Amino acid sequence: MARGKIQIKRIENVTNRQVTYSKRRNGLFKKANELTVLCDAKVSLLMVSSSGKLHEFISPSTTTKQVYDEYQKLLGIDLWKSHYETMQENLNKMKEINKSLRRQISHRVGECLNDLRFAELHSLEKEMESAVEVVRNRKLKLISNQIDTKRKKIRNATECNRRLYEYDAMEEPHYGLVDDGGDYYDSAVIGYSANEDPHNVFPFRLQPSHHPNLHHGEGSSDLTTYSLL
């Protein structure tokens, strides 16, 4: 059966369009390769699909740049001239901007002021005053933040110190004496804290202080007191 002809128009179905593109692209690349081998031709194909994908075929004996250079040479045209001119214009604009910025910087450091008119000097003065005001405000803000931080630290330290004083007052120890059954004359006595761990003891030394005999009722006894050293 003879193959039916396909009407040449845009394929509306996206899937069919992509399949047709892929098949015919491969067919073109096959024909280009046959031309390269059979006829010793330099063939370069560039194809961009509707989805934005680039497909390229170039003969093994050459490169894309060599094909472009030969194309320009044979036709006597310059493909990059317009692009080069555009880049040159952009470069000149950037140079002018750079030159203007350098001039402004030199003016702000007090250089190259002889060529300025009075109005320009007055405008420069206003700009410098505005810049100084911005710097001054920023500096004051930083100083204020540092002062607030120091005040907070002082308040925290004061509060911590007050709490420590209250804790010490509440936990002030009371000491007592333990009788070990020995003679207190010039002897050592131990004390302990009544509110804390009974294992924490404190050594003391007592020295006797004699008093006259005191009579209590019918009996009499010698009372000796000891001073805590």
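Colleague: Which residue caps the N-terminal end of α1?

Modeller: A reminder before the case: this is a predicted model. The cap is N13. One of its side-chain oxygens lies 3.0 Å from the backbone nitrogen of T15.

Colleague: How many residues does helix α1 have, and what distance does it reach from its first C-alpha to its last?

Modeller: Compare the end-to-end reach with the expected span, at 1.5 Å a residue. Helix α1 covers residues 14-39, which is 26 residues. It reaches 37 Å, close to the 38 Å expected.

Colleague: What does the backbone do just after α1?

Modeller: Look at D40 there. That residue takes a positive phi of about 55°.

Colleague: Now the charges. Why would two side chains pair at all?

Modeller: Opposite charges can pair when the charged atoms come close. For the count, a side-chain nitrogen of Lys or Arg must be within 4 Å of a carboxyl oxygen of Asp or Glu. By that rule there are nine salt bridges here.

Colleague: Start with E12. Which residue does E12 form a salt bridge with?

Modeller: Its partner is R10, with the closest N and O atoms 3.2 Å apart. Both residues are exposed.

Colleague: And which residue does the side chain of E70 meet in a salt bridge?

Modeller: K42, at 4.0 Å from N to O. Check where each partner sits. E70 lies in helix α2 (residues 64-75) and K42 in the loop between α1 and β1, so the pair ties together parts that are 28 residues apart in sequence. E70 counts as partly exposed, at 38% relative accessibility. K42 is exposed, with a relative accessible area of 53%.

Colleague: Where do E166 and R162 lie?

Modeller: Both are in helix α4 (residues 118-170). They are four residues apart, about one turn of the helix. E166 is partly exposed at 39% relative accessibility. R162 is partly exposed too, at 38%.

Colleague: Which residues do salt bridges with shared partners join into one network?

Modeller: Follow the shared partners from pair to pair. The network joins E159, R162, R163 and E166.

How values were computed. Residues numbered from 1 in each chain as written. Predicted model: local features only at pLDDT ≥ 70, side-chain atom pairs only at ≥ 80, totals over all residues. Heavy atoms only, no water. Helix = DSSP H or I, 4+ residues; strand = E, 2+ residues; numbered from the N terminus. Expected span 1.5 Å × (residues − 1). Polar contact = N/O pair within 3.5 Å; in protein donor to acceptor, adjacent residues only side chain to side chain. Buried < 20%, exposed > 50% of the residue type's maximum accessible area, 1.4 Å probe, protein only.
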